[in-house]
Amino acid sequence: MPFSAALRRLALVALAGLASCRAASDAPAGPADLVVYGRVWTGDSARPWAGALAVSGDTVTALGDSAEIAELAGPDTRVLSGGDGLVTPGFMDGHLHFMDGGFQLASVDLRPSNTPAEFIERLAAYTSERKPGEWIVGGEWDHERWPDAPLPRRDWIDSVTPDNPVLLYRLDGHMALANSAALRLARIDRSTRDIPGGVIVRDRRTGELTGILKDEAMDPVQDVIPSPTEAQRDAALQRALTHAASHGVTAFAHVSVPLAELGAYLRAREAGTLTARAALYFPIEDWRRVADTVARIGRGDDRVWIGGVKGYMDGSLGSTTALFYEPYEDEPTTTGVLTTLEDSMRAWIGGADSAGLQVVVHAIGERANGLLLSIFDSVARAHGEKDRRFRVEHAQHLRREDIRRFAALGVTASMQPYHAIDDGRWAEKRIGPERIKTTYVFRSLLDRGAILAFGSDWTVAPIEPLLGIHAAVTRRTLDGKHPDGWVPQEKISVEEALRAYTSGNAYGVFAEDRRGKLAPGYLADLVVLDRDLTRIPAEEIERAAVTATVVGGRVVYTGR
Ligand SMILES: [Zn+2]
């Protein structure tokens, strides 16, 4: 590097603010390994915008204008150009079911079925290619797409699946349709009693099982499905990673991951094929085994990190199992389902917190959120001050008085904006016009000082962060019925949504000092988008695409 370039590099690094101390002392001697040109949104309030950046190894070393950065490039430097698009820190997905996604990518997809007949046709086509006896697990069906929204029944599918046991999930994963063969293997029949924390749906007239199992009632069927082999898990993980990279997801939190899936992540890290950074949250009831695992192999690193544990307070709005104080409008006999007893949840959260594990818990209905915030509060008081970063997963429906408790208690709201434009189609019929006013309150949470961490909940919703940003900014429901936004006062800006997909999630996994921003010394995780989200009309965001994804300085995806 010529002397003047070296001087300029030092000046650039010094200009870049606080984080520069680290970069200056580690400044690599040779040219950059990668330079990226384009309008760079850094996520760094000290320097929000730049025209280019340089990367050495896995780390961002400099930001500047394109002429300044060009001087850091050598003959072997890889160059990415953003053109008229936008360069942002890599998207971090704060809540998804990654391995399920990998399996789902190779299974039957019922999401596009707009009628029961289509649902049956798609399943029949898939089943005809399977061997007799082979389990068929998949789904993503959504009865809210169908005329009058009837729940599917096993007699619809028994004739097309006589030789295969079948379990098909609603896209929210909170209920599933089992065919008769699956119910037989699970030994569930009309004499089986209801299961605590779940519902076995029966025909109102005949008392016969319809095949629909909600929440904990899915367990007996899940328990008889053979576990996948190591090779099947590895293949599912690779499918999921390829899919994630193509949508700019450079890191994610896999929640409710069974301990048995840890090995697949460790093998991928070892093989160098893990193209996104994984934070893992295991079932909270297993917290002792998780603590033992951490004692044995450590907490991990920025590639695979054992974050902690995940629990469930309630079900979902779509399955009428989210827990409210008042009954459902369209099912006045129920207020939802408390899927974990309050005392068990308090004991588990307390145990996990004492063991140094981060605790994240699913709560959707108002009462589930209120109860959970109180448990978080009481555990934190009992155990004393500590950087514990409790998270509420979903935080969908909040009483007004609970909104400010997030910031007050230091609890992160881990939310999935796509759910808002999906549920927004039918939420009002379920909970009425009053309760929807405090639904998916992105604006109110930010205004009251809460940290928002966005994610997809894939496979419940598509993994695409750009669709999530579009949803948070426009709140336009999928049915096109709310062109100005559903509960529009809760819209947020593009930059706020970007922050929730980057620094919000970095904070969520204790990595805000090295991820979630593009600044010298930070890990070089970034995406290049084909258009500048901050300069296009909001309704165009959903048409934006990722043109390159970089994780730790390595280009893991390039597209159109
Ligand atoms: Zn989820």
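Guide: Gladly! One term comes up at every stop: a residue is buried under 20% relative accessible area, exposed over 50%, and partly exposed in between (1.4 Å probe, protein chains only). The model is predicted, so local features need pLDDT of at least 70 and side-chain atom pairs pLDDT 80 or more, while totals for chains, interfaces and linings use all residues. Residues are numbered from 1 along each chain as its sequence is written, and side-chain values use heavy atoms, leaving out hydrogens and water.

Side chains of opposite charge can pair when their charged atoms come close. Counting a side-chain nitrogen of Lys or Arg within 4 Å of a carboxyl oxygen of Asp or Glu, there are 41 salt bridges here.

Let's start with R153 and D203, whose closest N and O atoms are 3.2 Å apart. These partners are 50 residues apart in the chain: R153 sits in the loop between strand 6 (136–141) and helix 6 (154–157), and D203 in the loop between strand 9 (198–202) and strand 10 (209–215). Helices (H or I, at least four residues) and strands (E, at least two) are DSSP runs, numbered from the N terminus. R153 is partly exposed because its relative accessibility is 26%, whereas D203, at 13%, counts as buried.

Next, D301 and R269 meet with 3.1 Å from N to O. They lie 32 residues apart, D301 in the loop between helix 11 (287–297) and strand 13 (304–312), and R269 in helix 10. D301 is partly exposed at 36%, and R269 is partly exposed at 31%.

While we are at helix 10 (residues 262–271), look at helix 9 (residues 230–246): their axes, lines fitted to C-alpha atoms over the stretch in contact, come within 9 Å and cross at roughly 65°. That makes the two helices roughly perpendicular, a label for angles of 65 to 115 degrees. Where heavy atoms lie within 4.5 Å, the contact includes R233 and L237 of helix 9 and Y265 and R267 of helix 10.

R430 is buried, with a relative accessible area of 5%, while D330 is partly exposed at 34%. Finally, salt bridges with shared partners join D142, R170, D172, D422 and R425 into one network.

Technical notes. Axes are lines fitted to C-alpha atoms, for helices over the stretch in contact, and angles run from 0 to 180 degrees between N-to-C directions. Angles under 35 degrees count as roughly parallel, over 145 as roughly antiparallel, 65 to 115 as roughly perpendicular and the rest as oblique.
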